[in-house]
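Please open the model in your viewer and keep the selection panel at hand. The stops below follow one another, beginning with a single side chain.

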Amino acid sequence: MDVFHVTDLNGNKLTDESVISYIEQSLETTHLDRSGEFSGLTALELTGTDRVGLLSEVFAVLADLQCNVVDAKVWTHNGRIASLIYVKDCNSGSPIEDSQQIDRIEARLRNVLKGDNDIRSARTSVSLAVTHTERRLHQMMFADRDYERKPILQHRADSPVVTVQNWVERGYSVVNVQCKDRTKLLFDVVFTLTDMQYVVFHATINTAGDRAYLEFYIKHTDGTPISSEAERQRVQQCLRAAVERRASEGVRLELCTPDRQGLLADVTRTFRENGLNVTRAEISTARDVALNVFYVTDAIGNLADPKIIESVRQNIGLGNLKVKELPLMYHQKAEREDQAVGVGGTVLLSLGSLVRRNLYNLGLIKSYS
């Protein structure tokens, strides 16, 4: 039996019955049908070397080729970029199925991604298949081997700590991940393990302050544990990358404005002209309204100058582009947990000891003391 204790983004108890009902339905469904979400759209997959202004060039090409971007997600990590962009034809509103038009789109985008120094690793593909966007982005970056690359931009200060060791007596490999807590962290780690052909048999997740502690007991799909030092290091690299890809770097900007042809090209060009680098983006439209989120830094990965941010906002429209803080939970959660420790005694920070205690109480292992 799996037990989850969940809150909303601000750390409060869930009270919205529609959200609770959706969670229940999702858990009861073996395969959640997402076909309606992107039906009638063409999916573009892009991977290559990240650089300031790249996203601006990509959206300019799509606008020039009469492609309307309906939905998109963009991740960057270790100097690489992966993007899944859903488009339709501007004139007909239909998916793009003409083979010659598809060839033109792929060729133009490939040239943009190649730039001056990415001849071999730039990749583009076009598909009408429905997929889980975020899981596909992980798979794309994994295939691109971003976990082996060194970052071009400034290295993040709060890197996740991943350890892997074998529990020989039971035939498990034990994976521990310690990092900053955030939404979808568990999704990112579990699906990465799954795509690497591991099966999770037991797991314990805990949070304290703004930190998350995850422990997994895993085996290969053939029932064997991790068998070599090289494999152990690869698992560590891949899980660190899985955590870092979605980590929010930079200032969060939210754009809400009536959608129009070329909007994304204009907005991202303004970012580029002001020396802002987009580290992550989430693009969506609802009822002809663009609802876009951008995380931006300066050109070398530092926090963007507030004066530049204000200048960009004035260019795009102060009422349309807003600076958003992180959810309240990241500011208040640590304080609540610190108070709980002082009043209620100790908080278990070692998931290893917590899991071993649970297994001992169930009679599955000998005394761990």
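Begin by selecting Phe 271, which is buried at a relative accessible area of 1% (buried means under 20% relative accessible area, exposed over 50% and partly exposed in between, with a 1.4 Å probe and protein chains only). This is a predicted model, in which local features need pLDDT of at least 70 and side-chain atom pairs count only at pLDDT 80 or more, whereas totals for chains, interfaces and linings use all residues. Residues are numbered from 1 along each chain as its sequence is written, and side-chain values use heavy atoms, with hydrogens and water left out.

The structure holds seven aromatic pairs (rings of Phe, Tyr and Trp, the last by its six-membered ring, pair if their centres lie within 6.5 Å; planes under 30 degrees apart count as stacked, over 60 as edge-to-face and the rest as tilted). Phe 271 and Phe 294 form one that is edge-to-face, at 5.2 Å centre to centre and with 80 degrees between the planes. Because Phe 271 lies in helix 7 (residues 263–273) and Phe 294 in strand 11 (residues 289–297), the pair ties together parts that are 23 residues apart in sequence; helices (H or I, at least four residues) and strands (E, at least two) are DSSP runs, numbered from the N terminus.

Now widen the selection to the largest nonpolar core, which has 43 residues, and in which Leu 62, Val 69, Ile 85, Phe 271, Phe 294 and Val 296 touch the most other members. Such a core is a set of buried Ala, Val, Leu, Ile, Met, Phe, Trp, Tyr and Cys residues joined through side-chain atoms within 4.5 Å. Helix 2 (residues 54–64) gives the largest share of this core, six residues. Apart from it lies another core of 21 residues, including Tyr 147 and Ile 226.

Then select strand 2 (residues 67–77), where 11 of the 11 residues are buried, so the strand is largely enclosed by the rest of the structure. Strand 2 runs antiparallel to strand 3 (residues 80–89), joined by 10 bridges, and antiparallel to strand 10 (residues 277–286), joined by four; strands pair if DSSP finds at least two bridges between them. Along these pairings, Cys 67 stands opposite Asp 89 in strand 3, while Val 74 stands opposite Ala 281 in strand 10.

Finish at the aromatic cluster formed by Trp 167, Tyr 172, Phe 201 and Tyr 217.
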